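Let's walk through this model together, one question at a time. Keep the picture open while you read.

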Amino acid sequence: MKSYALFLGCTIPARQPHYEASARKALTKLGVGLVDLDNMTCCAPPPLQSIDLETSLSISAYNVCLAEEANLDVVTLCTGCYESLAMANNTLKANGKLRERVNKILSSVGKEFKGTQEVKHYLRVLVDDVGTDRLKESVSKDLTGLKVASFSGCHLLRPSALLKFDDAERPHVFDDLIEALGPKSVPYKNKLKCCGGLLRGYADDVALAIARDKIVNTTKAGVDCIITLCPFCFLTLDLGQMLIKSTFHEEYNMSVLHYTELLSLALGIQPKELALEFHKIRLDNVLNKIK
Amino acid sequence: MESEKQRKPLSPFFSEEIAHRLGGETITLCYQCGTCASSCPVAKTTDKFNPRDIIKLSLLGEKQQVLSDGAIWLCSSCYNCQERCPQKVEIADVIYALRNTAIKEGHIPNIYAEFAAGLMAEGRIVPISKFVEKKRPEYGLPTLKPAGSDAMKKILSATGFDRIKWKKEEAS
């Protein structure tokens with residue numbers, strides 16, 4: 001079975017060990033290898049792209065170079081890391097002039113971007129290297145009693161011209177992977193709309209109003225939980241409900257889980273192995289429905 | 001309304017300047033249909049942000065207003081507008097080009113100066129928490145590999161990022 005260079009990024013090791021633990025344990029159980037490389041850095045996400053695109057592109061390319069040297073494709077958990085690294089990888093593979101410009105900068109650290117490897121999101125690895133049939137066969141718990149709202153976040157899908165992950169207006173890959181585990185993925189209003197997470201720190205009021213919409217719309221759909229992929233979406237929707245409570249005096253108690261946590265639970269990994277105490281909103285209602 | 005005297009001078013070549021920057025290449029293709037604004041989650045929430053207006057003002061040469069009034073920092077980078085633009089204007093990337101230009105001209109929101117400081121110090125935007133790092137073995141997680149902060153510093157020096165004047169100014 002194939003091995004990948006695991007790109008963790010900043011937020012997951014800093015704040016979300018539940019994401020990392022579930023992602024590692026599930027993929028290992030499914031027989032995909034993960035390699036931790038030395039000297040990776042920040043992926044150069046939108047906040048850095050906002051400061052200087054040439055710098056962000058060079059930093060993303062530097063991290064891809066580390067995987068090239070190890071002769072490994074990259075897998076990311078965070079969709080923000082996925083977007084930064086995949087956009088840089090795909091742009092530099094296609095644009096020789098820009099590649100030359102970036103390689104000039106990378107020569108300062110003795111690297112050269114060659115364009116020999118792929119950057120994949122975790123979900124793509126599940127599709128390509130495990131497959132939905134084997135995924136279904138690997139499920140050992142009954143999750144069919146769960147109704148969930150899938151929320152992939154923006155940067156799994158867009159800009160689709162560069163990422164080519166799924167149809168940006170009518171995506172299905174994420175929902176298929178959820179339903180392969182047993183739960184029903186329920187449609188809800190403005191499902192593909194942003195969570196506002198990237199505005200936190202600059203315009204907190206706007207960010208919180210957008211996050212509140214997501215919580216209201218998923219609550220109206222009558223789901224047991226929201227399933228996320230991006231650590232910022234998770235933070236915005238999970239911790240965000242504390243802020244919604246103090247700002248709008250509204251209490252929703254909508255559970256939020258990363259897909260890898262749902263996957264781990266479906267594969268029979270014990271909840272106590274998953275660092276679930278890092279969730280702000282309790283998960284009892286979800287765990288009680290898993291038989 | 002501003003009087004003629006207060007009005008900042010127009011920069012007729014502003015859109016060309018942006019079109020020559022990384023990310024800004026497609027700005028002049030805009031024909032102001034408004035698909036971006038009607039697809040924008042932020043524009044639905046606050047009247048302080050409208051991507052169509054930002055492009056219009058840029059095409060009209062209103063450089064000072066675009067770079068300094070704070071609106072460009074309200075884009076949530078969701079790329080919905082870019083996905084739907086019938087003219088293939090890469091709107092979210094154009095906003096990055098405008099932000100890059102604003103930074104160069106000294107219009108730097110505090111939070112971005114903080115991001116930059118973290119990056120220059122540790123090679124990461126979000127610092128590792130000692131508390132979480134210590135607990136990793138409890139969750140069966142391997143020791144964290146060292147971050148490439150030396151490589152990061154060299155790249156930041158090669159692109160001139162570390163010479164940006166990080167004078168704090170809240171552009172709002």
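Q: Which residues does Phe7(A) touch, not counting residues up to four places away in sequence?
A: This is a predicted model, where local features need pLDDT of at least 70, side-chain atom pairs count only at pLDDT 80 or more, and totals for chains, interfaces and linings use all residues. Residues are numbered from 1 along each chain as its sequence is written, while chains are lettered from A and ligands numbered from 1 in the order in which they are written. Touching here means contact: C-beta atoms, placed from the backbone, lie within 7 Å. With that in hand, the partners of Phe7(A) are Met40(A), Cys43(A), Asn63(A), Val74(A), Val75(A), Thr76(A), Cys81(A) and Leu85(A).

Q: Which residues have the most contacts inside the largest nonpolar core?
A: A nonpolar core is a set of buried Ala, Val, Leu, Ile, Met, Phe, Trp, Tyr and Cys residues joined through C-beta atoms within 7 Å. Buried means that 20 or more other C-beta atoms lie within 10 Å of a residue's own, with C-beta atoms placed from the backbone (12 or fewer is exposed, in between is partly exposed). The largest core here has 141 residues, and the ones with the most contacts inside it are Phe7(A), Ala61(A) and Leu85(A).

Q: What is the bridge partner of Lys147(A) in strand 6 of chain A?
A: Strand 5 (residues 147–151) of chain A runs parallel to strand 6 of chain A, and 2 bridges join them. Look in strand 6 for the partner of Lys147(A), and you'll find Lys184(A).

Q: Which helix of chain B gives the most to the side of chain B that touches chain A?
A: Over at this interface, 52 residues of chain B are in contact with 49 residues of chain A. The elements of chain B giving two or more residues include helix 6 (91–104) and helix 7 (110–122). The top contributor, with 6 residues, is helix 9 of chain B.

Q: How many helices does chain B have?
A: Read along the sequence, the pattern of chain B is α-α-α-α-α-α-α-α-α. There are 0 strands, and the helices come to 9.

Technical notes: Contact = placed C-beta atoms within 7 Å. Helix = DSSP H or I, 4+ residues; strand = E, 2+ residues; numbered from the N terminus. Pairing = 2+ DSSP bridges.
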